[in-house]
Amino acid sequence: MQPKIMMKKKSVSASKASLVLFLCQMISALDVPLDLSQPPTITQQSPKDYIVDPRENIVIQCEAKGKPPPSFSWTRNGTHFDIDKDAQVTMKPNSGTLVINIMNGGKAEAYEGVYQCTARNERGAAISNNIVIRPSRSPLWTKERLEPNHVREGDSLVLHCRPPVGLPPPIIFWMDNAFQRLPQSERVSQGLNGDLYFSNVQPEDTREDYICYARFNHTQTIQQKQPISVKVFSMDSLNDTIAANLSDTDIYGAKPVTERQPVLLTPTGSTSTKVELRGNVLLLECIAAGLPTPVIRWIKEGGELPANRTFFENFKKTLKIIDVSEADSGNYKCIARNILGSAHHVISVTVKAAPYWITAPRNLVLSPGEDGTLICRANGNPKPNISWLANGVPIAIAPEDPSRKVDGDTIIFSHVQERSSAVYQCNASNEYGYLLANAFVNVLAEPPRILTTTNKLYQVIADSPALLDCAYFGSPKPEIEWFKGVKGSILRGNEYIFHDNGTLEIPVAQKDSTGTYTCVARNELGKIQNEVHLEVKDPTMIIKQPEYKVIQRYGQVSFECIIKHDSTLLPTVIWLKDNDALPDDERFLVGKDNLTIMNVTDKDDGTYTCIVNTTLDSVSASAVLTVVARPNPPFDLELTGQLERSVELSWIPGDENNSPITNFVIEYEDGLHEPGVWHYQTEVPGTQTTVQLKLSPYVNYSFRVIAVNEIGRSQPSEPSEQYLTKSANPDENPSNVQGIGSEPDNLVITWESLKGFQSNGPGLQYKVSWRQKDVDDEWTSVIVANVSKYIVSGTPTFVPYEIKVQALNDLGYAPEPSEVIGHSGEDLPMVAPGNVQVHVINSTLAKVHWDPVPLKTVRGHLQGYKVYYWKVQSLSRRSRRHVEKKILTFRGNKTFGMLPGLEPYSSYKLNVRVVNGKGEGPASPDKVFKTPEGVPSSPSFLKITNPTLDSLTLEWGSPTHPNGILISYILKFQPINNTHELGPLVEIRIPANESSMILKNLNYSTRYKFYFNAQTSVGSGSQITEEAVTIMDEAMASRQVDIATQGWFIGLMCAVALLILILLIVCFIRRNKGGKYPVKEKEDAHADPEIQPMKEDDGTFGEYSDAEDHKPLKKGSRTPSDRTVKKEDSDDSLVDYGEGVNGQFNEDGSFIGQYSGKKEKEPAEGNESSEAPSPVNAMNSFV
């Protein structure tokens, strides 16, 4: 909202400026051109109360205009002042201004008095105000002997200044010998009369150089009073002083310093009065004594203090109301209050008023025979007296004028003639002052004249007022009319405002208001016109205003200010910070439409304003930048309420750096046990600055506080004072007590030792106790120190023990500890699991069972059973290999487990062992089991060689893992046409002992896809695939090659090339002559579909293809469940079988390439064609 408000303010300011311009134009319209006869008009004069510097020349101003030029004369103290008789006085040429030469021997005091200037010509006389000349005075202080002030502590004191009476009155202030201003406060302050008031004195007020200074600004001098000495006695020293020096005269008494209720030092009494003049500043003062120092409050009885005009100064001891009016009269009460009571004083304020204008008389220009009036109305308190003068003479004794009639504050003129021209003075006066105004009556007969410059250009912003000036003069007063355009009609209507001074106002100018306007002025003596021009511009707007930004310290921030403006106006953009110029800092980068601040610091926080100025308008928008950072560390840590187990910590938060503090973290240091190491104690919300902390005995505490906000953690505060708590018995015992044997004949008891602050006192030790569970009645105990382990030797193997560990120090034992159960050391298990059975589930999975061992034989914690198993041999290969044992662990008391990942048709052995914490027991006897046959893996390779017209040779390798006895191989194959569609599937069963075969009766130049897998009695294994192509007919290839090498074919090609060259030359010639040869259209119309450009990538001729060629192959299942592939069921994509290499033959003629994801264009010659594309075929089609 802020930028919008700012822009609105600018608009209001522009309207005010227009209004001021309009008022100025109205005033100027009353001026008579200086080339016409007119009575004198006073244009400049000195102030009524003129205080002059007695060391400089006195200049009394009096300037006037008129036609003919006026002459000047002066009176002094009511009589004519003959300046020719005084050599020290001169009058400036063509002026009435007097210069009194003081610097060359004159004395200013000799020229004190009341001066009045008269400017006169043949049409009348104008007079100035009465100008009172007084030299300024800055007298010295009268010599006086100042006695030292001896004051009892707590009493009030007034140091009187009493400055000399000067003209104007001096400015008072108090300083010491070092010219330093004395500090002032609610307790000590200076009154309006210059005295220094102490509500109560304190020992620190003792000094010998209280000096009052009076500064006389007019003469630029400072006068100094003698230093005043003040000595404040405290009660103890005061009694000693009284006894030693004052004998029995008890001036102050021996009473102690006591608090006192307020008493007013100024003003005195309960009521007073004050008279102030309207428009002045009202100052009311109340200063009170009392202990504690009273606080002052102001009220207005029966009303409210005026808003926006009321101010409090001098620590609220002075009430200031500016621009007072009669409504501010009333009773004002000041109330001084402290804890013991209050005092008050009522000041009755009366606001009087020197005369002020309601309607001041204005110059009157009339033509012969016209009527008119001069009005002079003023107000004041008391009501002023109105009197008239004519040409400086009271109108009652002035020459009579039959056209003039005086009616109180009005002079009425009827049928004036040229001799009626004169200057009239209106004087409004009461006891507080006077007003004097000159207004002439000028009788003229003049045709109209327009004073505004011809063809003046006005430029305004759309939707704002346009004021077109037509300043005129004429007598009688001319009538003014406005026209728009060359042949426009007279302007009328609500869309225009016609002012008396001739100005035409268009309240809301629009773009269509642009044009030429004609002003016509006419009276009975003539007519005149003038043209002015108006241009209405688009307003300047900020279309992207700066926005509120929050940035971390040392970051970078940017404010945008994108503007739109009239193209004929040149805008300038200025950036301000807090309504002042940007700092002179290279971190501030001003761009075309933005402001960027680099490396932001705290001092960059504030309001940034973008101001766009043109010659016609100004807009602005503001945004606030808030710089945030981690908070400053807290300070002034204080410990209070120290108890044995608690203390209260308080602190003062540091600056939150514009990001509220969310919480405080309290840390402590144990200077006794871990000096330099700080530990987390607690944390509290960010609104809390005190916390009650729980303490442990025998700890030398120091605390520090860290403030946290959204940005991060502050630096730690300075540590608090140290606090050592008293010793006490331990509050707790060691934790995590355990009993675990490391050997079969011992028990190792361990625990976590107490930290230093947990010891609660010096001499920390541990009492370790144990007994065999359910066997021993008595505890065996030892006391140890500085250890966290104790070993009990000679124990039975793996038996339970009850264990406890108790802390103690020099002051006593901790509470009785709880007992824990431990065990002495373990030994290896004694027996192996029995009755091991194996159940083979399938060719890769078996289940093993065993009987659990007796728990007594485990001799430790039963952790589980381990099954060791390994493959002895494959039943299909009879060859042994390196034995790799595998281990499966079954946790707990399980008696069975599954053995996954076995190899089919293999012989395995296994055994089972029990496991405890010490290790494994003996193995059970080896158990032999066999896995059944499974399906084989895929053949190790499939190689296709020796392609001919109708045959291919296939070679393969047996499966790496037969997983049983192979019974046969299955070969399936099918042709693939040019659209990658699969033909009928052929299946052949091959004996298991074969490793190659020749496929005959195949189609020539045809691509085939092969699927090959092995079989055992269980079923078929996974297959591998391969593709190959038979070669084309040799005779056909030979004929194609022969045709391409015939002489007649070569000649034909040359003729075609020559014909094409001739056509190109003809086309080029015709084109240069401006002809038009639609070669491309004809080629498109007669394009041979067989002739296509060569492909850039492989150099082969391109082929037209059906739109289907560009569709991706469909994907689906490769092989149906019955292990056959049918054409209608298969929608395999050949991409899925490929290795990503373009199809090609290797050296032995086998087709090793496969389809990849890249789709090549193929000839669209029918779905049934199986002819492979080749360069020769492409050439054939060309021929």
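Helices (H or I, at least four residues) and strands (E, at least two) are DSSP runs, numbered from the N terminus. This is a predicted model, in which local features need pLDDT of at least 70 and side-chain atom pairs count only at pLDDT 80 or more, while totals for chains, interfaces and linings use all residues. Residues are numbered from 1 along each chain as its sequence is written, and side-chain values use heavy atoms, with hydrogens and water left out.

Although F315 is not a glycine, its phi is positive, at about 60 degrees. F315 counts as partly exposed because its relative accessibility is 38%, given that buried means under 20% relative accessible area, exposed over 50%, and partly exposed in between (1.4 Å probe, protein chains only).

N579 also has a positive phi of about 60 degrees without being a glycine, and its place is in the loop between strand 51 (572–577) and strand 52 (580–581). With a relative accessible area of 62%, N579 is exposed.

Two prolines in loops come next. The peptide bond from T266 to P267 is cis, with omega near -5 degrees, and P267 sits in the loop between strand 20 (260–266) and strand 21 (271–277). The bond from N381 to P382 is cis as well, with omega near 5 degrees, and P382 belongs to the loop between strand 31 (377–381) and strand 32 (385–390).

Finally, I944 lies within a strand, namely strand 79 (residues 939–945), and it counts as buried because its relative accessibility is 4%. Along the sequence I944 and S996 are 52 residues apart, whereas in space they are 9.6 Å apart, C-alpha to C-alpha.
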